[in-house]
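Okay, thanks for making the time, everyone. Let me put the structure up and then walk you through the parts I looked at.

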Amino acid sequence: MAVSYFIYVNDKENTDFDLEKFNRDIKERFPGVSVEVKNDESCKYDVHFEYYGAECEFELWINRDRRVFVIDYFNSKNRLYDYAKYIIWLRSYFSYGREVLLCDEGYNKTLVLSEGVETEDILEILE
């Protein structure tokens, strides 16, 4: 069974997230990624990214206030290691001056993604 993971800023707002930069970067890193923006105000998660490439596959959402990434699906040949590297990459879009957390959908496993967090630290959460 797939488990969603959340990467989120532990603040009530996130005014320093640059969605345009993120869009450019994700398209450069994952050519062919599809991006869907929902203009419905009732949608809490309004930007959806989907990628099925040779390197990896993922589905990612960003919430409307730009505080949360939700990874609904991730797969690759070296899944856990690549997933951990992907999480570190996503974390880099939030200021290191803010507390950013990684947790599973049940909030059973949580990790503070501080500056310098290692792949091995994230692997403990993903395993």
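A word on pLDDT: that's the predictor's confidence in each residue, from 0 to 100. And when I say helix or strand, I mean a DSSP run, H or I with at least four residues for helices, E with at least two for strands, numbered from the N terminus. So, this is a predicted model, where local features need pLDDT of at least 70 and side-chain atom pairs count only at pLDDT 80 or more, while totals for chains, interfaces and linings use all residues. Residues are numbered from 1 along each chain as its sequence is written, and side-chain values use heavy atoms, with hydrogens and water left out.

How confident is the predictor? The protein has an average pLDDT of 91, and 97% of the residues score at least 70. Confidence is highest in α2, with a mean of 96, and lowest in α3, at 92.

Now the sheet. It's open, with 7 strands in the order β2-β3-β4-β5-β1-β6-β7, and the pairing is antiparallel. Pairing here takes at least two bridges found by DSSP between two strands. Because β2 (34–37) and β7 sit at the edges with a single partner strand each, one side of each has no neighbour in the sheet. On average, neighbouring strands are turned by 15° against each other, direction ignored. Those angles come from axes, lines fitted to C-alpha atoms (for helices over the stretch in contact), and they run from 0 to 180 degrees between N-to-C directions.

Let's zoom in on β4 and β5: they run antiparallel and are joined by 7 bridges. Trp61 stands opposite Val70 in β5.

Next, the helices. α2 lies across β1, β4, β5 and β6, at about 155° to β5. α3 lies across β1, β6 and β7, running at about 165° to β7.

What about the inside? A nonpolar core is a set of buried Ala, Val, Leu, Ile, Met, Phe, Trp, Tyr and Cys residues joined through side-chain atoms within 4.5 Å. Buried means under 20% relative accessible area, exposed over 50%, and partly exposed is in between, with a 1.4 Å probe and protein chains only. The largest core has 35 residues, and Ile7, Phe22, Phe58, Leu60, Phe69 and Tyr86 touch the most other members. α2 gives the most to this core, 6 residues. There's also a second, separate core of 7 residues, including Tyr8, Trp61, Val70 and Leu101.

His48 is one to look at too, in strand β3 (residues 45–52). With 9% relative accessibility, His48 counts as buried. Contact means heavy atoms within 4.5 Å, and beyond its neighbours within four places in sequence, the contacts of His48 are Ser34, Val35, Glu36, Glu59, Leu60 and Trp61.

Last bit: aromatics. Rings of Phe, Tyr and Trp (its six-membered ring) pair if their centres lie within 6.5 Å; planes under 30 degrees apart are stacked, over 60 edge-to-face, and the rest tilted. That rule gives 21 aromatic pairs. Phe6 and Tyr107 are stacked, because their ring centres are 6.3 Å apart and their planes at 15°. Phe6 is in strand β1 and Tyr107 in the loop between β6 and β7 (110–112), 101 residues apart. Which of the two is buried? Phe6 is, at 15%, whereas Tyr107 is exposed, at 52%. Phe17 and Phe94 form a tilted pair, 5.7 Å centre to centre with 40° between the planes. Both Phe17 and Phe94 are buried.
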